[in-house]
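Open the model in your viewer and keep the selection tool ready. We will go stop by stop.

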Amino acid sequence: MPQTIHRGIKSLIDEANAQIETVSASQAIEAAKGDDVVIVDIRDPREIERDGRIPGAFSCTRGMLEFWIDPASPYAKPVFQQDKKFIFHCAGGMRSALAAKTAQDMGLKPVAHMGGGFAAWRDAGGPIEKWEPKKPKG
């Protein structure tokens with residue numbers, strides 16, 4: 001029997017966008033110049049390797065987000081314990097809307113997501129650096 005999805009991805013993203021702050025790429029570019037903002041890149045490492053990354057962005061795959069945010073988690077990352085604004089981004093702005101909503105629901109604040117994602121950042125002339133994967137020791 002086929003599955004019946006009652007709340008699809010479109011409705012989840014629409015709900016998230018209605019409840020979170022969305023910043024434009026140009027606003028994110030300006031915000032990234034300060035030391036009170038953390039840009040959080042939730043793209044897969046293969047995307048980052050292929051397309052580059054925002055200099056100074058913190059990389060957190062979508063699958064580890066909740067575990068890295070929660071200070072009670074054995075996987076908690078100190079970056080999420082800072083008193084800063086967190087601007088999430090993905091490739092095009094859909095996953096980051098869901099990530100920002102999840103982070104906000106968990107109590108992280110303030111959070112936002114960058115509308116249009118990495119593509120919008122690139123198109124707005126934001127700085128990009130090539131990402132080099134870690135070389136195995138040996």
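This is a predicted model: local features need pLDDT of at least 70, side-chain atom pairs count only at pLDDT 80 or more; totals for chains, interfaces and linings use all residues.

Residues are numbered from 1 along each chain as its sequence is written, and side-chain values use heavy atoms, without hydrogens and water.

**Stop 1: the sheet.** Show the strands (DSSP runs of E, at least two residues, numbered from the N terminus). Five of them form an open sheet in the order 1-5-4-2-3, with parallel pairing; pairing takes at least two DSSP bridges. Select 21-23 and 58-59: strands 1 and 3 are at the edges with a single partner strand each, so one side of each has no neighbour in the sheet.

**Stop 2: strands 2 and 3.** Select residues 37-41, which are strand 2; two bridges join strand 2 to strand 3 in the parallel sense. Pick aspartate 41: its bridge partner in strand 3 is serine 59.

**Stop 3: a cis bond.** Which peptide bond here is cis? Select lysine 109 and proline 110: the bond between them is cis, with omega near -10°. Proline 110 sits in the loop between helix 5 and strand 5; helices are DSSP runs of H or I, at least four residues.

Stop 4: Select residues 33-130. An unreviewed UniProt entry annotates this range as "domain: Rhodanese"; such annotations may be inferred rather than shown by experiment. The range is 32% helix and 16% strand, and its end C-alpha atoms are 19 Å apart.
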